[in-house]
Amino acid sequence: MAKPIIYACSDSLGDTAERVARAAACQYDKQEFDIVRMPYIRTEQQVEEIVQKAKEHSAMICCTIISPTLRRKLQEASNAQNVTLVDIIGPMLAGVGTLTHTEPTMKPGMIHQLDEEYFKRVEAIEFAVKFDDGKNPMGFLKADIVIVGVSRTSKTPLSMYLAHKRIKAANLPLVPEVALPPELFQVPARKIVGLIIDPFKLNFIRSERLRSMGLDSNASYANIERINEELTYARNVMRRLHCPIIDVSSKAIEETANLVMEIVKRNKELYHE
């Protein structure tokens with residue numbers, strides 16, 4: 001005996017309709033169903049063909065079609081052919097509409113766009129963690145932006161903030177005694193950003209950091225002469241790189257991030273990166 005057929009129709013991928021159909025069908029554990037996904041329904045002719053096919057095979061239809069016109073056509077055609085139709089998305093759209101004064105976009109595939117955005121964000125966060133603090137210079141060549149600066153200029157927090165905006169950021173601390181990785185000079189200048197800071201501001205930040213760790217706040221790490229030496233070195237490196245420089249002395253992470261995002265946006269527009 002042939003298995004009953006359910007056509008899962010959508011004007012997008014159709015996986016939501018298929019999952020709902022399978023969730024319902026599995027409740028009938030003594031019966032097997034043939035669930036056929038029918039994606040990208042965009043014309044009335046496609047609707048008529050599906051209903052005719054359902055009629056011929058004594059099948060039912062479930063749908064997540066966003067277009068009101070196509071949903072109405074599907075309902076009319078199903079009624080005319082005496083085919084069972086379950087509109088999954090229509091009642092839900094109407095229900096959600098009672099909670100808001102805004103209008104739905106009526107764009108198919110929006111959930112997949114949201115999923116794509118989510119996975120891009122996760123990928124960028126994983127990237128920021130993997131290539132934080134110069135751990136693996138090979139990441140510089142894959143990054144949307146490479147952030148360089150002396151210690152405690154908020155390179156890591158900035159990288160993570162950018163990651164939540166789906167921007168892949170790697171960062172490198174600039175230390176006079178540590179050789180620069182050759183990969184840094186393979187990155188186009190437009191994809192590097194240097195961070196500088198007022199030496200006295202940095203002195204305060206580093207002193208507080210040492211105190212919070214229970215260490216001597218007068219250590220060379222927070223010494224103003226050492227800080228000036230590091231900043232001079234950092235400026236020289238940035239000049240060699242010909243990269244944009246942002247003074248973060250009085251900027252919140254969000255302000256710095258907005259400036260960096262403008263650079264990334266410009267790169268994408270001009271160089272299609």
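Predicted model: local features only at pLDDT ≥ 70, side-chain atom pairs only at ≥ 80, totals over all residues.
Helices are DSSP runs of H or I of at least four residues, numbered from the N terminus.

Helix α3 comprises 14 residues, 68-81, and at 1.5 Å a residue it should span 20 Å.

The buried residues of α3 are L70, R71, K73, L74, A77 and S78. They are placed on the same side of the helix because they cover an arc of only 160° around its axis. On the other side of α3, N79 and A80 are exposed.

Several elements cover the buried residues of α3, including the helices α2 (44-56) and α4 (89-97) and the strands β3 (60-64) and β4 (85-87).

## The nonpolar cores

In soluble globular proteins, nonpolar side chains tend to be buried together. The largest nonpolar core in this model has 39 residues. Those with the most contacts inside this core are I145, V148, L162, L174 and L184. At least two core residues are supplied by each of β5 (145-149), α6 (155-163), β6 (169-173), β7 (192-196), α8 (224-241) and α9 (253-271). Helix α8 provides the largest share, with 7 residues.

A second, separate core has 18 residues, among them C9, M38, A54 and V83.

## Contacts of L174

Leaving aside residues up to four places away in sequence, L174 touches V148, G149, V150, L180, E230, Y233, A234, V237 and M238.

How values were computed:
Residues numbered from 1 in each chain as written. Heavy atoms only, no water. Core = buried A, V, L, I, M, F, W, Y, C linked by side-chain atoms within 4.5 Å. Buried < 20%, exposed > 50% of the residue type's maximum accessible area, 1.4 Å probe, protein only. Contact = heavy atoms within 4.5 Å. Expected span 1.5 Å × (residues − 1). Arc of directions from axis to C-beta.
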